[in-house]
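Subject: Handover of a structure, with notes

Dear colleague,

Please find below the structure that I am handing over to you. I would be grateful if you would read the notes after it with the structure open beside you.

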There are 2 protein chains.
Amino acid sequence: MRLVVQKYGGTSVGTPKRIQNVARRLLKTQSEGCQVVAVISAMAGATDNLLKLAHQISSHPTERELDMLLSTGEHAAAALTAMAVNALGGRAASLTGAQAGILTDRNYTKARIANISPKQIHELLSDDYIVIVAGFQGQTPEGETTTLGRGGSDLTAIALAGALNADACQIFTDVDGIFTCDPRIVKGAKKLGEVAYDELLEMAGGGAKVMQSRAVEFAKKFSIEFEVRSSFNKSRGTIAREERASMENVVIRGISVDRHQAKLTIAAVPDKPGIAGRIFFNVAAAHIVVDMIVQNASAGGVTDISFTIHEDELENARRILMPVVGEIGAKRLNTSSGLAKLSVVGIGMRSHSGVAARMFECLGRAGINIQLVSTSEIKIAVVIDEKDAERAARLIHAEFGLARLVSATAAAQSLK
Amino acid sequence: MRLVVQKYGGTSVGTPKRIQNVARRLLKTQSEGCQVVAVISAMAGATDNLLKLAHQISSHPTERELDMLLSTGEHAAAALTAMAVNALGGRAASLTGAQAGILTDRNYTKARIANISPKQIHELLSDDYIVIVAGFQGQTPEGETTTLGRGGSDLTAIALAGALNADACQIFTDVDGIFTCDPRIVKGAKKLGEVAYDELLEMAGGGAKVMQSRAVEFAKKFSIEFEVRSSFNKSRGTIAREERASMENVVIRGISVDRHQAKLTIAAVPDKPGIAGRIFFNVAAAHIVVDMIVQNASAGGVTDISFTIHEDELENARRILMPVVGEIGAKRLNTSSGLAKLSVVGIGMRSHSGVAARMFECLGRAGINIQLVSTSEIKIAVVIDEKDAERAARLIHAEFGLARLVSATAAAQSLK
C-alpha cells in the first residue's frame, strides 16, 4: 500500500472550518488506497500569541521553556485535526513529536533531528488509523521537549517521509507551488513542474520563503522527494528532487526578490588576517543577520568590505560598528538603505556561460545601477535600488524567457 | 530540607502579571529554605477556549484527542511560570505530566493515577531547580496522554506530595480556605482551621466546590495532609487532614448550599426488584447527573421514588422518563424546580444525637418547608425552596453557633 506524508501549514489549519477541510483531504487520500501520515503546524497566529505571552513575562525567555511553550501550538492543532477526521467518520490519532519518536539533539529552539523511531506510527497505520503528528517538535534522549526552528514542520514532514520510506511527501501550503518569480511581481510567472534541491535552497535564501531551508537540506542529504502544493485547490504543485541532467537544459529556474535591504561598506580596511572576523563577530553578537558579504581585492594594503542586512537593523549595526571602524584602523563606514536583492537561480548556470553578462547587460540597458554582486555556482545575486526591483525582475524574467519555461508535462499536470 | 508542593489554580495564573506573582511566591518559598515543586493549572479561560474549538469541529470530540488538546493548557501555563521564575533570577524547569512521571490508567478525560516515578523531579530538585509541573495530566504506560478530569490539578498536587513524601502540600486558590458557609450567604461565616477529609468530601458534593472530590479521596486514602489557601494574600488557610478525636467536639463543621435544583417524583412505583434500576439506567444513559435519591417504605405494594437533578436537565429528564413511568406501571411523574439543597456536615454528628431534629425544628420555626431529606453518617441534606435557601443557611449557621466555631489557634494563625 502507498504511504503518503502530508504536511499542512498554519494557514491551512487556521480556522475550525479549514481544519475540517484538511480532514476531508486526508480521508480522500486514504480512500484512494493510501496510508496517511499528516504533519500539522500550529493554527495561524497561535505561535505568535504564545510568543507574546512569553515576552510579557520575560524579555529573554529561557529557551528550554520557550520550546515547552511553543510546542503546545502544534500539539493542539494536531489533536483538533484528529477530532475532525473522527467527526467525519474516519479513524485518526494524534501524536506529539515525542510520541511520534522524533529524537533531537539538545539545541533548544533550533534542535536537529538525530533519529526517528516511528514504532507507534507504524502500529497506528497498521490499525488503519490516519496518524496526525504535531510538527516542529521532538524530544531529546532524556525526554526534554525541543523545537526545530521556525517552519520546522516542513522538516518534521520530510524527516518522517524518509524514516517511513514514504512513497510521497506533500507539503501543503497557501501557494500553488514554486514559481519562476513571485506572481505578484511578474504577472507571467509560471509554476515550476520540478526544481532541484539546490535551486530551492538558493531561492529560499532569496526571498521565496516557501520552505524552511533546513528541511530542504535534510531532503537533499537523504534524497527525499517532496511536492509543494496548495491546500486550497487540487492543482499539482512543484516537485523538489535531486537534480537530473535534463534540468540543466534550463538556464535559470527562477528569480527572487528580497526587499528592505541595507548595505554597509567599511572603506579602506587594513588587509590583515583577523580583521573581518572582528567586524562580523560584533555584528553577530548583536543577533543581526548578515546576508551578502563582498570583499574586493586589496589595493595598497587596504580593501573595502561590504555587507547587507535587513534595513530595520541598520541603526543598530551602525552603532555597533562605528567604534570598530576606528579600532581596526579603517577609514570610514558608509551605509545606505532602500535597497533590494535580486537573485537568479538555476543549476543550468553550471553548463551555460554568460548568464551574468546577459543579466548585467539587461539591467544596464534599463538604466538600473548594480551596487553589489555576489555569486554562487548556481546563483547570481545583485543589490539594486528597491524602487527598481520589480521592473528589474520583470525584465530579467522576459530576458531569460521564464514564462515559456514550464514544460508541457507540468502545464498538463496543473490542469488535472 | 523541607519539600513543599504548591498548586496554583487557573485564576492564580490567569494573566502574565499573576504568573509573575506566583513566580515571586515560589522564589520566596525557596528562599525560606525549601525545595519547591509547583503544580500549575491552565490559565483561566484557556481550557474553555480549547473546548470551544473542539466543539466547533466535532459535537462529540474523541476523548483521546480531547485529552491531547486540553493537556496543552496546563503545559503552556507551566512553561510560562518557569519563564517567570527564570526572569526573576531564579532557576526553574517545567515538566509535562508525562515528564514528571505521572502514570495513569487508560480512562481518557478522567484517568486515575496508577503510579508516580518522580525521577526527573528529584534530579531537578537536587540541582536547585524549582520544578513546575503541568497539572491535570499524565500518560498511560504506552505513552498516551491522559487527563484527570476537571479540577485534576488538585489531584496532581496531592499525588505528587504523596509520591515525593513532601513536608507540605498547599493548594492555592481564589478563596481564603474552607468556610463554615459561603461568606456571600452568611456574613458571619468563619474560615476553618482544619477539616477532616470526609467533611470536605461531603462539602464538595454540597456546593462548596473548592476541591476536586477525587483529589480529596486520594488524600484520604494515602493520608496526605494539605492546606487550602489564597494565592492573593498571605493568610493561612484550612488544613485538611485525617480526623482526630478532638474534631468530634464540633457538631457541625459547615453548611453548603446547592441552588438550581429540580426534584422528580415517580408516584406509586410497583415495589419490585429491578424497577429502580430501569429508571436510573435511562437517566444515566442521557448523561444526567442525579444527586439525592430518596425512596420511602412501600405501602400497599407501591412506593414513591424521588430524586434531584440540576434544573437545566429537567426537561430532558421528563422527556426520557414519561414513557418509563408507563412501562414500569407507576402512576405518574411529578416534577418541580426552583429548589435548593442545604447540607450540614460534621463528623461530630456521629457522637452528637439530635442534630437532625434541631435542624428541622429550626427550619420549621421559620416556616421553611422541607421537601426531601437524605442523610449520611456525617451529613444531613434537605431540599427546600430556593427562595428560602439563604435565610435557612443563616438560621442554621446561628442555631449551631458556627460563627464561634473557629478555634483560638486558627484565629491567631489567620492574623499572621
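The notes below describe the model, the contact between its chains, and then several regions in turn.

This is a predicted model, in which local features need pLDDT of at least 70 and side-chain atom pairs count only at pLDDT 80 or more, while totals for chains, interfaces and linings use all residues. Residues are numbered from 1 along each chain as its sequence is written, and chains are lettered from A and ligands numbered from 1 in the order in which they are written.

The two chains. 29 residues of chain A are in contact with 29 residues of chain B (contact: C-beta atoms, placed from the backbone, within 7 Å). On the side of chain A that touches chain B, α1 (16-31), α2, α3 and β3 (92-95) each supply at least two residues. Helices (H or I, at least four residues) and strands (E, at least two) are DSSP runs, numbered from the N terminus. The largest share of that side, 14 residues, comes from α3(A).

Helix pairs in chain A. Two packed helices are described by the angle between their axes and the distance between the axes. Helix α2 (residues 46-57) and helix α3 (residues 63-87) of chain A pack at about 150°, with axes 8 Å apart; axes are lines fitted to C-alpha atoms, for helices over the stretch in contact, and angles run from 0 to 180 degrees between N-to-C directions. α2(A) and α3(A) are therefore roughly antiparallel (angles under 35 degrees count as roughly parallel, over 145 as roughly antiparallel, 65 to 115 as roughly perpendicular and the rest as oblique). Among the residues that meet here are Leu50(A) in α2(A) and Leu69(A) in α3(A).

The axes of helix α5 (residues 152-163) and helix α7 (residues 213-221) of chain A come within 8 Å and cross at roughly 15°. That makes α5(A) roughly parallel to α7(A). Residues that meet in this pair include Ile158(A) in α5(A) and Phe218(A) in α7(A).

A sheet in chain A. Six strands form an open sheet in the order β14-β15-β13-β16-β18-β17, with antiparallel pairing; two strands pair if DSSP finds at least two bridges between them. Its edge strands, β14 (290-295) and β17 (372-376) of chain A, each pair on one side only. The twist averages 30° from one strand to the next. Eight bridges join strand β13 (residues 254-270) to strand β15 (residues 302-310) of chain A, and Ala262(A) has Ile309(A) in β15(A) as its bridge partner. Helix α8 (residues 275-285) of chain A lies across β13, β14 and β15, at about 125° to β13(A).

One residue in chain A. Thr173(A) lies in strand β9 (residues 168-173) of chain A. Thr173(A) is buried, with 23 other C-beta atoms within 10 Å (buried: 20 or more other C-beta atoms within 10 Å; exposed: 12 or fewer; partly exposed: in between; C-beta atoms are placed from the backbone). The C-alpha atoms of Thr173(A) and Ser230(A) are 5.0 Å apart, although 57 residues separate them along the chain.

Strands in chain B. Six of the seven residues of strand β2 (residues 34-40) of chain B are buried, so β2(B) is largely enclosed by the rest of the structure. Seven bridges join β2(B) to the parallel strand β1 (residues 2-8) of chain B, and Lys7(B) has Val39(B) as its bridge partner in β2(B). Four bridges join β2(B) to strand β6 (residues 130-134) of chain B, also in parallel.

Yours sincerely

Definitions and conventions
Two residues are in contact if their C-beta atoms, placed from the backbone, lie within 7 Å.
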